[in-house]
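Please look through the model below from its overall fold down to single residues.

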Amino acid sequence: MPSLPMPITDVFVSLADPRQTNKVQHSLAETLTVAVCGILVGADTFEEIQAWAREKLPWFRRYLELPNGIPSHDTF
């Protein structure tokens with residue numbers, strides 16, 4: 001029986017997060033997941049990733065928590 005593919009967020013969970021904990025508003029794994037999805041659909045800049053992700057926020061919330069919404073282009 002074939003196994004299910006690993007969710008993309010699971011790939012990023014094991015990465016060390018170098019950010020200052022008290023300044024973090026977005027999960028590193030979720031931020032990277034949104035960024036990779038944006039790149040895969042053709043976004044070329046951080047602004048384009050943010051704009052596309054904001055349009056797709058309801059879809060992303062089916063799979064990610066995103067308690068503070070989509071990160072800003074500066075965060076990406």
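What follows describes the fold, the packing of the helices, the pocket and cavity, and some individual residues.

This is a predicted model, in which local features need pLDDT of at least 70 and side-chain atom pairs count only at pLDDT 80 or more, while totals for chains, interfaces and linings use all residues. Residues are numbered from 1 along each chain as its sequence is written, and side-chain values use heavy atoms, with hydrogens and water left out.

The protein contains four helices and zero strands, where helices (H or I, at least four residues) and strands (E, at least two) are DSSP runs numbered from the N terminus. Read from the N terminus, the order of elements is therefore α-α-α-α. Taken along the principal axes, the C-alpha atoms fill a box of roughly 45 × 30 × 20 Å. Of the 76 residues in the protein, 32% are buried, a term that stands for under 20% relative accessible area, with exposed meaning over 50% and partly exposed in between (1.4 Å probe, protein chains only). Among contacts (heavy atoms within 4.5 Å) with a separation of 6 or more, 44% join residues 24 or more positions apart.

A UniProt record, an unreviewed entry, places the feature "domain: H repeat-associated protein N-terminal" at residues 10-76; UniProt positions are given in the numbering used here, feature names are shortened, and annotations may be inferred rather than shown by experiment.

With 13 residues, α2 reaches 18 Å from its first C-alpha to its last, close to the 18 Å expected at 1.5 Å a residue, the expected span being 1.5 Å times one less than the number of residues in a helix. The buried residues of α2 are Leu28, Ala29, Glu30, Thr31, Thr33, Val34, Ala35, Cys37 and Gly38, and they pack against α1, α3 (46-55) and α4. In α3 the buried residues are Ile49, Gln50, Trp52 and Ala53, and what covers them includes α2 and α4.

Thr33, in helix α2, is buried, with a relative accessible area of 4%. Leaving aside residues up to four places away in sequence, Thr33 touches Ile8, Thr9, Phe12 and Leu64. Thr33 also belongs to the lining of the largest pocket, together with Pro7, Ile8, Thr9, Cys37, Trp59, Phe60, Tyr63 and Leu64. The elements that give two or more residues to this lining are α1 (8-13), α2 (28-40) and α4 (57-60).

The largest pocket has a volume of about 150 Å³. On a 1 Å grid over the protein atoms alone, a pocket is an open set of points with protein on both sides within 12 Å along at least five of seven lines, a cavity is a set where a 1.4 Å probe fits but cannot get out, and lining residues have an atom within 4 Å of a point. Grid points are joined across faces, edges and corners, and a volume is the space filled by probe spheres set on the points. By class, the pocket lining holds seven nonpolar, two polar and no charged residues, where Ala, Val, Leu, Ile, Met, Phe, Trp, Tyr, Cys and Pro count as nonpolar, Asp, Glu, Lys and Arg as charged, and the others, Gly among them, as polar.

There is one cavity of 30 Å³ or more, and the volume of the largest cavity is about 30 Å³. Its lining consists of Gln25, His26, Ser27, Glu30, Thr31, Leu66, Pro67, Asn68 and Pro71, which divide into three nonpolar, five polar and one charged.

One of these lining residues, Leu66, is found in the segment after α4 and is buried, with a relative accessible area of 3%. Phi of Leu66 is near 45°, a positive value in a residue other than glycine. Most residues other than glycine have a negative phi.

Two residues in the loop between α1 and α2 complete the tour. Arg19 is found in that loop and is partly exposed, with a relative accessible area of 29%. Not counting residues up to four places away in sequence, Arg19 touches Val24, His26, Ser27 and Leu28. Asp17, in the loop between α1 and α2, counts as partly exposed at 36% relative accessibility. The C-alpha atoms of Asp17 and Arg61, 44 residues apart along the chain, are separated by 22 Å.
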